[in-house]
Amino acid sequence: MTGHIERKLAALGETLPGAPAPAANYVPFVKVGDLLFVSGQISKGPDGLIIGQLGADMDMAAGQKAAKVCALNLLAQVKAACNGDLDRLVRVVKLGGFVNATADFTDHPAVINGASDFIGELLGESGQHARAAVGSSSLPFGVAVEIEAIFQVR
Amino acid sequence: MTGHIERKLAALGETLPGAPAPAANYVPFVKVGDLLFVSGQISKGPDGLIIGQLGADMDMAAGQKAAKVCALNLLAQVKAACNGDLDRLVRVVKLGGFVNATADFTDHPAVINGASDFIGELLGESGQHARAAVGSSSLPFGVAVEIEAIFQVR
Amino acid sequence: MTGHIERKLAALGETLPGAPAPAANYVPFVKVGDLLFVSGQISKGPDGLIIGQLGADMDMAAGQKAAKVCALNLLAQVKAACNGDLDRLVRVVKLGGFVNATADFTDHPAVINGASDFIGELLGESGQHARAAVGSSSLPFGVAVEIEAIFQVR
């Protein structure tokens, strides 16, 4: 039986990827009490890595797509942490968004909106999250966006 | 009736701004248990955005002023989260300070002290916080400093 | 009497440094409930600061060594937070790794593995942590790596 959130995902025309394996020697999430700390998820979609630098070779639409892919990967990790039941997600607490960006780039919030807008559309009130969005001089594998997150789960 | 912390603020010659609205599609804070996660606050004061890059066009004094403005914005969010009663603040747990900085800049801790020193002066023991201070290649709208934070509130 | 974890450290040929003093006006850790938030620890070892930028003047082996030094400093803070008894460490929850890196550097995960591999070897299952690894345009004092962390302690 598919849960409420996954039916909404399907209605939005999206499917969760398999939970991405960590890029190195760490685990994708750790749960302490009802807080779930999820490792930084990079912009790696079904078609591979989304590589680029905002302010240089990547435009806003592509950056927002990259951020949305990070959000899908984060939700895939939440599902895995909840033994497949995404409806155990209580609240998206905080996103930490890192944008691969040049020194003169100024639109980091709009880029990370690619994740925030999608989460808002999917989850409504329980998707309302705190957030930071900053520029990084570079990111793993040259990806455009990396987002780490804290969730509340039951 | 003004609370203890706000009277101290006034004695220091400071007033809290209104809690800044988020720059995009997220909320300024999320509370889970007694932990309050506050979104990254940028250096935007009563006179507008404080823009610049440390190591390039901004000196230390201006950078510290920018960090202090971030701290005021963080406290404004705490007040809003506590329904106007800043005295419900138990402890400043952690600041995450991002400094818009060139590759050869090395004084990030001194910049973020603009926030830490002010918080220490205002709050004393309950203001003693853990902290990270790092350089960002760029920040939203070109601001000099962004600080996110975790607070303990009752 | 030396605890279990410190005996394992000795067997690995390592000793904890004294808990490094903060670089500025903040405290090295704050505990809320069983969560211990530790300030960003920089790559400063017994021989001094480990300075450099990945992608420019520092190679991978040196970057990994810098990350390991950050991990030792983090554990020194945990020991101090636990009144000298490192065995009160329940779980390494999350590392936030910042790599001083050029715009074309792409191997941030391998650098931060210098910390993650060491923690895994030392702590086994309780060392399995969530993680983010990103590039910073610059770091305090020109160090190669800074890592902040959250631990669960009893």
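Which strands of chain C does helix α3 lie across? Helix α3 (residues 108-123) of chain C lies across β5, β6 and β7 of chain C. The helix runs at about 160° to β5(C). Such angles run from 0 to 180 degrees between N-to-C directions, and the axes are lines fitted to C-alpha atoms, for helices over the stretch in contact. Contact means heavy atoms within 4.5 Å. Helices (H or I, at least four residues) and strands (E, at least two) are DSSP runs, numbered from the N terminus.

The model is predicted: local features need pLDDT of at least 70, side-chain atom pairs count only at pLDDT 80 or more, and totals for chains, interfaces and linings use all residues. Residues are numbered from 1 along each chain as its sequence is written, chains are lettered from A and ligands numbered from 1 in the order in which they are written, and side-chain values use heavy atoms, with hydrogens and water left out.

Chain A sets out the overall fold. It has three helices and seven strands. From the N terminus on, its elements run α-β-β-β-β-α-β-α-β-β. The radius of gyration of chain A, taken over C-alpha atoms, is 15 Å. The globule rule (2.2 Å times the number of residues to the power 0.38) gives 15 Å for 154 residues, so chain A is as compact as a globular protein of that length. The C-alpha trace of chain A spans about 45 × 35 × 30 Å along its principal axes. Of its 154 residues, 60% count as buried. Buried means under 20% relative accessible area, exposed over 50%, and partly exposed in between (1.4 Å probe, protein chains only). Among contacts in chain A with a separation of 6 or more, 81% come from residues 24 or more positions apart.

The sheet is described in chain C. Five strands form an open sheet in the order β1-β2-β7-β5-β6 (chain C), with mixed pairing. Two strands pair if DSSP finds at least two bridges between them. The edge strands of chain C are β1 (29-32) and β6 (130-136), each pairing on one side only. From one strand to the next, the twist averages 15°. Helix α2 (residues 60-81) of chain C packs on this sheet. It touches β1, β2 (35-42), β5 and β7 (145-153) of chain C, and its direction makes about 35° with that of β7(C).

The pairing can be followed strand by strand. β1(C) and β2(C) are antiparallel and share four bridges. They form a hairpin with two residues between them. In the turn, G33(C) has a positive phi of about 60°. V30(C) stands opposite F37(C) in β2(C). On β7(C), the bridge partner of F37(C) is I150(C). Six bridges join β2(C) to β7(C), and these strands run antiparallel. β2(C) is mostly covered, with eight of its eight residues buried. Strand β5 (residues 89-100) of chain C pairs with β6(C) in the parallel sense, over seven bridges. There, G96(C) has A132(C) in β6(C) as its bridge partner.
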